[in-house]
Every structure is written in structure tokens, then in C-alpha cells.
Amino acid sequence: MEASAHDGLRFWQFMIAGSIAGSVEHMAMFPVDTVKTQMQAMGSRPVKSVPVGVAHSLRSILKSDGPMGLYRGIAAMCLGAGPAHAVYFSVYEACKKFFSGGDPRNSAAHAVSGVCATVASDAVLTPMDMVKQRLQLRDSPYKGVCECVRRVFKEEGVRAFYASYRTTVVMNAPFTAVHFFTYEAAKRALMEVSPETADDERWVVHATAGAAAGAAAAAITTPLDVVKTQLQCQGICGCDRYKTTSIGDVIESIAKKDGYRGLVRGWIPRMLFHAPAAAICWSTYEASKGFFQELNNRRDTDAVT
């Protein structure tokens with residue numbers, strides 16, 4: 001396949017760079033994600049069992065399961081994050097090239113490209129994300145990834161793996177649009193502040209822009225993330241089971257039981273996850289792209305000589 005015209009990489013190189021970035025991001029921030037998942041899922045359990053905050057939830061996990069309790073389900077994320085992010089970034093780069101028409105300032109193209117990327121990647125990640133979240137729950141009835149997959153398939157059918165897909169896409173479409181719009185705008189602004197040192201401080205620029213993008217997108221989409229977690233964990237560990245996967249019905253149920261505060265449950269760990277996670281992800285992704293660009297330039301030079 002020919003190299004991408006906009007920054008000299010082949011399609012498979014975007015996929016590898018994205019896979020590395022996604023895996024590093026999720027592995028580094030997994031304990032924070034576990035805290036967030038338990039806070040959001042436990043909202044449908046009896047009030048007395050619900051952790052009241054981040055510190056309470058963290059202490060509860062450490063007391064019941066020890067430090068390893070923060071990493072329950074990490075194997076499922078390892079299996080899902082790499083392939084999903086490979087799809088995510090390669091689709092994003094392909095769409096950005098197509099929609100932007102070569103204009104790096106076309107923020108609308110970046111946002112649309114991000115939405116296309118998330119629809120594709122969510123189809124890959126959603127089943128493993130469901131498995132991951134069920135394993136993260138306190139008193140999870142599953143011993144590991146294989147048992148969870150086998151029992152869910154046997155007891156609930158294949159539809160259970162995609163029960164939250166619609167909600168995930170509805171959540172991640174605006175999340176990704178805000179994320180990429182903010183990232184590209186912040187990166188451009190930061191590089192314009194000190195263009196003479198932009199190359200030397202490139203990783204700082206990507207990390208800072210990524211953190212800003214992650215925090216902004218996470219804050220806006222927390223209610224839909226609560227809905228997604230409730231759908232993926234329904235029926236186990238005392239969590240409510242919903243008659244439909246309708247986003248409106250789930251929101252109404254949460255609001256009726258916990259008030260509208262229930263829809264922002266876990267927003268602090270969600271932001272604490274996405275700000276550094278996005279910084280790690282974008283820094284790793286750009287570093288991987290830089291490696292491949294240097295490799296391609298070296299090959300081109302050798303071919304000429």
C-alpha cells in the first residue's frame with residue numbers, strides 16, 4: 001500500500017502505532033478505570049452498599065480484594081485495546097486525509113474523522129469492554145476472561161456482548177468529536193506559541209493537548225458512560241436488569257432511583273482517567289509515528305543511493 005501523503009506513513013504503520021498507544025494508555029490507567037466502574041455500576045445496588053466517593057471506593061476495593069483487585073479484568077482490556085485502537089487511529093488518519101483536503105486547520109474534518117473512527121473501533125472493543133467491566137465488579141461471579149465469555153454466551157446469548165454498543169457509539173461520537181477537535185486545536189495553538197522550539201518540545205505539546213482533550217470530552221459525556229456501565233453490568237452482583245437497552249429508559253430509571261446526581265456518578269475518576277490517558281495515548285502514538293517516519297525516510301534514502 002502506498003504511503004499516506006499527509007505524513008508519509010503506510011496504513012499498517014498507523015495501525016501498529018495506534019495499537020501500541022491504546023495498549024499503553026489502558027494498561028497505565030486501569031486502576032482508575034476500576035474505581036470508576038465500581039462507582040457507576042453500584043448505583044443500582046442497595047444504597048448502603050454504594051461507595052460514596054473515589055476515596056471510599058478505592059479503600060473498599062483494597063480492603064476486599066487487595067491491590068490486585070484494581071487489576072481485575074485487565075486481561076480482557078489487553079485483548080481488546082490493541083486491535084480496537086489499531087482500527088481507531090488508522091480509520092482516523094484515513095478519514096482525516098479524505099475530509100480535510102490537505103488543510104491541517106480543518107477542525108470540522110478532524111471531528112468528523114474522529115466520529116468515523118470511534119464507530120469502527122467500538123464494534124471491536126465493546127464485547128471485551130463488557131467482559132472487562134463485569135470482571136471489575138466487587139464479588140464478580142467470574143474467575144477470568146474465558147469463563148466470563150463462556151457463561152455470558154451460554155446464559156444471555158451473543159446480544160449481551162453488544163447490549164451497550166448503541167449507547168457506546170452515542171457516547172463516543174460526541175466524546176471523540178470534542179476530543180479530536182480540542183486536541184488538534186490545542187496542539188496547533190501550543191505549537192504557534194513557540195514555533196522555533198516546537199520540534200524539541202513535541203512530546204510536551206502532544207501530552208498537554210491530549211490531556212486537555214481527554215478531560216473536556218470525559219466531562220461532557222459522563223451521563224452516557226454511566227448508562228453504558230449499567231447496561232454492561234446488568235443482572236450481576238446485585239445490579240439492576242433493564243427490560244430494554246433504550247438509553248432514555250435507562251436514564252429515566254437511574255434518575256428515578258438516584259436522582260440526576262446518579263447520572264454523573266464516577267465523573268471524577270473518569271476525568272482522572274481520561275486526562276492522563278489521552279496524554280499518554282497521544283504521546284505514544286506520535287512517538288510511534290515518528291519512529292516509522294524515520295524508518296521510512298531511511299529506507300527511501302537507502303533506495304536512492
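A salt bridge is defined here as a side-chain nitrogen of Lys or Arg within 4 Å of a carboxyl oxygen of Asp or Glu. The structure is a predicted model, in which local features need pLDDT of at least 70 and side-chain atom pairs count only at pLDDT 80 or more, while totals for chains, interfaces and linings use all residues. Residues are numbered from 1 along each chain as its sequence is written, and side-chain values use heavy atoms, with hydrogens and water left out.

The protein contains nine helices and zero strands, helices (H or I, at least four residues) and strands (E, at least two) being DSSP runs numbered from the N terminus. Its pattern along the sequence is α-α-α-α-α-α-α-α-α. The radius of gyration, taken over C-alpha atoms, is 20 Å, close to the 19 Å that the globule rule gives for 305 residues, so the protein is as compact as a globular protein of that length; the rule is 2.2 Å times the number of residues to the power 0.38. Along the principal axes, the C-alpha atoms fill a box of roughly 70 × 40 × 35 Å.

Of the contacts (heavy atoms within 4.5 Å) with a separation of 6 or more, 77% are between residues 24 or more positions apart. Buried residues make up 51% of the 305 residues; buried means under 20% relative accessible area, exposed over 50%, and partly exposed in between (1.4 Å probe, protein chains only). The protein exposes about 14100 Å², of which carbon and sulfur atoms supply 64%. Accessible areas come from the Shrake-Rupley method with a 1.4 Å probe, and for residues only the protein chains shown count as cover.

Side chains of opposite charge can pair when their charged atoms come close. The structure holds 19 salt bridges. Within helix α3 (residues 74-100), E93 and K96 lie three residues apart, about one turn of the helix, and form a salt bridge with their closest N and O atoms 3.7 Å apart. Both residues are buried. E93 also meets K289 in a salt bridge (3.3 Å, N to O). This second pair links distant parts of the chain, with K289 in helix α9 (residues 267-304) and E93 in helix α3, 196 residues apart. The relative accessible area of E93 is 1%, and K289 counts as buried because its relative accessibility is 5%.

Another salt bridge joins K228 and D129 (3.0 Å, N to O). K228 lies in helix α7 (residues 202-232) and D129 in helix α4 (residues 107-136), so the pair ties together parts that are 99 residues apart in sequence. K228 and D129 are both buried. Through shared partners, salt bridges join D33, K36, D129, K132, D225, K228 and R270 into one network.

I20 lies in helix α1 (residues 11-41) and is partly exposed, at 35% relative accessible area. In the loop between α4 and α5 (145-156), D139 has a positive phi near 60°, in a residue other than glycine. D139 is exposed, with 59% relative accessibility.
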